[in-house]
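Dear colleague,

Please find the structure below. My notes on it follow.

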Amino acid sequence: MFVTNLFAGLSADISPSIMQGYIILMIVLVMGGTILDMIHKKSAKYFFANAEKAKKSAKREVGGGEKVAIATSVLVKEVLTSGEFDNPRRRLSHLLTMWGTVIFIVTTVIMIFGYPTTETPTPAIIPQLWHVGALMLAVGGYWFWFAIRVDVSAEGLPWFRVERADLFILSLLATSTFALLWSYMGGGAKNVYFVLFVLSNTVLFGGVYWSKFAHMFFKPAAAFQKKITRADGSRENLPPEYDLTDPEVQRKFPDIPMYMGKNPPNMGLCIKAERAKHY
Ligand code: HEM
């Protein structure tokens, strides 16, 4: 079951060029949805205006080499290893969801374009990876949905409460679940799970404008810009991270030694003092 290219099996009923056209349509929908999202939220306009503003309060210029180093660190930390997540459960769930989606999409494209019919035998590893990707996405996604998302884990809301912002995660979950059920039921075009799989895929890629899909493009840009503001000293107008034991800092803020003594402890971020449980 895990070694069959289900898309080649479809080619008797659906022409490979229709399947390839569908993939291209999904790419166009993602691009269109992301552009519309940027126009609607004015996010690109705000992003560049903010970057210009930050430049004005920069304390030093960040050179080209340093920018390349920052971009590499964003790629390695924030993008490839979900390093923005402090909470290990959220990080692991995001890694499973993200890498599961990437593996699932890439292997789908390889099968539909590279091995469109049963005449060109598909190396077993590709459908195997397709199943692994779908499974990773399902495990990470259901874990997020039932236990990790803030609505459930901190706000005390029931897991079945749905709102528009959930379109992304729910369409991801539906896509992976119906893909696995379609495979389990033997594949083929005359299979109710195939219809549901195509429907949920279309919602996932067609719903970019209304969902959180585009965060995968915006978040890396935001992480890069944040690191630039730390490197050039503008810090988004935030105060520096003071060392409260520094005599210079104590001279500037005399109430620190007055109330906390000459050697105040570092109490960390207040937000981390206690887990949210006030509901
Ligand atoms: C295939 C790629 C990706 C998938 C499938 C994916 C999936 C998800 C999902 C399901 C969520 C939870 C959304 C929700 O609250 O409903 C999420 C949140 C998040 N993702 Fe991704 N993601 C991807 C790529 C990325 C990339 C490249 C980055 C960063 C560089 C990133 C950073 C984040 C962050 C920081 C959050 C938390 C957002 C928040 O709580 O507001 N993601 N992602």
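**Ligand shell and overall fold**

The shell around the ligand comprises 9 nonpolar, 4 polar and 5 charged residues; Ala, Val, Leu, Ile, Met, Phe, Trp, Tyr, Cys and Pro count as nonpolar, Asp, Glu, Lys and Arg as charged, and the others, Gly among them, as polar. The ligand is surrounded by 18 residues, the closest being Glu78, Met98, Thr101, Met216 and Lys219 (near means a C-beta atom, placed from the backbone, within 6 Å of the molecule). Two or more shell residues come from each of helix H4 (64–79), helix H5 (88–114), helix H8 (167–184) and helix H10 (215–231).

This is a predicted model, in which local features need pLDDT of at least 70 and side-chain atom pairs count only at pLDDT 80 or more, while totals for chains, interfaces and linings use all residues. Residues are numbered from 1 along each chain as its sequence is written.

The chain holds 12 helices and 0 strands (DSSP runs numbered from the N terminus: helices are H or I of at least four residues, strands E of at least two). An automatic or database assignment divides the chain into domain 1 (6–231) and domain 2 (241–272), with 43 Å between their C-alpha centres.

The C-alpha trace spans about 80 × 45 × 35 Å along its principal axes. Of the 279 residues, 19% count as buried, that is, with 20 or more other C-beta atoms, placed from the backbone, within 10 Å of their own.

With kind regards

Note on methods: A residue is buried if 20 or more other C-beta atoms lie within 10 Å of its own, exposed if 12 or fewer, and partly exposed in between; C-beta atoms are placed from the backbone.
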